[in-house]
Amino acid sequence: MTAKFTVLGNTTLTTSSASVTFSSISGGYKDLIVVFDGQTTDGANCSFTINSDTGTNYPYVFMRGDGNGTASGATTVANANYVGYFTANPSNAIIQFLDYSATDKHKSSLVRMNDPSARIYANANKWANTAAINRIDFILSGGESFAAGSTFRLLGVN
């Protein structure tokens, strides 16, 4: 079966912003994909929360490499899922939310991200909740902002 992608949201920032939100997400698709192309006003870690949940329901594992070395790790208690470290230079990330509308299982997401310093990230995230995903908030650490011109696209996949 060939996957069909439907654009559910497209946000291009005209000014810098501390967060980006997709809300009122339809439950009519199998998976969701968020594609980020842009940069931050300064270097910062990017994370996301689901359905405004800021509790410790976000365990994840990550791996990172840059040609000179590697790093990996895991956390079992976090208040957001990790995407990667964004810089003031253009980066991109793809986040896939699997079975996001199912109400009988915890939600999983996979992150693939690269930055201009040649670091590559791959993360497997979990949201320990069985509710359907209807809102995703992207945030940066340290009070940083996503730069004007950054683009976030939300796609539904059937």
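The model is predicted, so local features were taken where pLDDT is at least 70 and side-chain atom pairs were counted only at pLDDT 80 or more, while totals for chains, interfaces and linings use all residues. Residues are numbered from 1 along each chain as its sequence is written, and side-chain values rest on heavy atoms, with hydrogens and water left out.

Side chains of opposite charge can pair when their charged atoms come close. With a salt bridge taken as a side-chain nitrogen of Lys or Arg within 4 Å of a carboxyl oxygen of Asp or Glu, the count comes to 4. One of them joins Asp37 and Arg153, with N and O 2.5 Å apart. Asp37 sits in strand β3 (residues 31-38) and Arg153 in strand β12 (residues 151-157), so this pair ties together parts that are 116 residues apart in sequence; strands here are DSSP runs of E, at least two residues long, numbered from the N terminus.

As for accessibility, buried stands for under 20% relative accessible area, exposed for over 50%, and partly exposed for anything in between (1.4 Å probe, protein chains only). Asp37, at 30%, is partly exposed, and Arg153 is partly exposed too, at 26%.

Another bridge links Asp137 to Arg135, where the closest N and O atoms are 2.7 Å apart. Here Asp137 is buried at 10% relative accessibility, whereas Arg135, at 29%, is partly exposed. Elsewhere, salt bridges with shared partners bring Lys30, Asp99 and Lys105 into one network.

How values were computed
Helices (H or I, at least four residues) and strands (E, at least two) are DSSP runs, numbered from the N terminus.
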